[in-house]
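Subject: The structure for you to look at

Hi,

Here is the structure I promised to pass on to you. Please open it next to this email and follow along as you read.

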Amino acid sequence: VVAVAMGTEEESFSPSEEETERWMCSAFDMAKDALENGEVPVGCLMVYNDQVVGKGRNEVNETRNATRHAEMVALDQLLDWCRRSNLDVSSVCKRTALYVTVEPCIMCAAALRLSNIPVVVYGCRNERFGGCGSVLDVSSADLPHTGNTFKCVSGHRAEEAVEMLKSFYKQENPNGRLFFLFLCCPGWAGLSSSSSGGGAYPCPHRQERRSLTFDFI
Ligand SMILES: [Zn+2]
């Protein structure tokens, strides 16, 4: 079920069903690749004029950098693509749609907004960190000098996106309540698979992290 979550400012383009189907398929492939490589399974594509100008999946554990979310990786690629193509970044961004398997978190939603990406198509909601309505409405809030609001289309293959996340957390910690580490300390994410508790690790986010449980399960 695909539902238009928000979008009062109708843009001149909106992804068709066919486009959504096609590009989300690739985004899911990226998410699968993340899962196979021990990362939270989130994948995305940025599409401009029917061509992929950026693609990414979570690289948080691999890079030990908590900001390397799929969307940030794809945004970097978009910037490189613009440089190589000698095209103006803001004109490209204004005509670029993001297809991502999970609702962008607050950080990524802010980055997308500052980049003036007008449309985001996503799979499942991100109950703990979602920046497109689940936690904060970064996508639609009236915030001065922070780029433009963007439209969200949610729900495409949502169950599948949730299943992938569940698989990840099952393999990480088969016994207990599972911690949702999108935004948390990547070092802890690596350690969590071999330990029953996270209390001993010196992480500045520990207090918040310990209260963060994965709501999809
Ligand atoms: Zn993010």
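Let me begin with the contacts along the chain: among those between residues at least 6 apart in sequence, 62% join residues at least 24 apart. Please keep in mind that this is a predicted model.

Now for the overall layout. The chain has 8 helices and 6 strands. If you read along the sequence, they come in the pattern β-α-β-β-α-α-α-β-α-β-β-α-α-α. The chain has 217 residues, and 46% of them count as buried.

Next, the inside. In soluble globular proteins, nonpolar side chains tend to be buried together. Here, the largest nonpolar core holds 53 residues, and those that touch the most other members are A27, C44, L98, Y99, V100 and V120. Helix 1 gives the most to this core, with 8 residues.

Two packed helices are described by the angle between their axes and the distance between the axes. For helix 1 (residues 17-36) and helix 6 (residues 158-172), the angle is about 10° and the axes are 10 Å apart. Angles under 35 degrees count as roughly parallel, so helix 1 and helix 6 are roughly parallel to each other. Which residues in helix 1 and helix 6 meet? From helix 1 they are F28, A31 and L35, and from helix 6 they are E160, M164, S167 and F168. Sorted by class, this contact of helix 1 with helix 6 has 5 nonpolar, 1 polar and 1 charged residues.

Finally, two residues to check in the loops. R64 is not a glycine, yet it has a positive phi of about 55°. You will find R64 in the loop between helix 2 (60-63) and helix 3 (70-85). R157, also a residue other than glycine, has a positive phi near 55°, and R157 sits in the loop between strand 6 (151-154) and helix 6.

Are these two residues buried or exposed? R64 counts as partly exposed, because it has 13 C-beta neighbours inside 10 Å. R157 has 20 other C-beta atoms within 10 Å, so R157 is buried.

Enjoy exploring, and write back with any questions!

Best wishes

Notes:
Residues are numbered from 1 along each chain as its sequence is written. This is a predicted model: local features need pLDDT of at least 70, side-chain atom pairs count only at pLDDT 80 or more; totals for chains, interfaces and linings use all residues. Axes are lines fitted to C-alpha atoms, for helices over the stretch in contact, and angles run from 0 to 180 degrees between N-to-C directions. Helices (H or I, at least four residues) and strands (E, at least two) are DSSP runs, numbered from the N terminus. Angles under 35 degrees count as roughly parallel, over 145 as roughly antiparallel, 65 to 115 as roughly perpendicular and the rest as oblique. Two residues are in contact if their C-beta atoms, placed from the backbone, lie within 7 Å. Ala, Val, Leu, Ile, Met, Phe, Trp, Tyr, Cys and Pro count as nonpolar, Asp, Glu, Lys and Arg as charged, and the others, Gly among them, as polar. A residue is buried if 20 or more other C-beta atoms lie within 10 Å of its own, exposed if 12 or fewer, and partly exposed in between; C-beta atoms are placed from the backbone. A nonpolar core is a set of buried Ala, Val, Leu, Ile, Met, Phe, Trp, Tyr and Cys residues joined through C-beta atoms within 7 Å.
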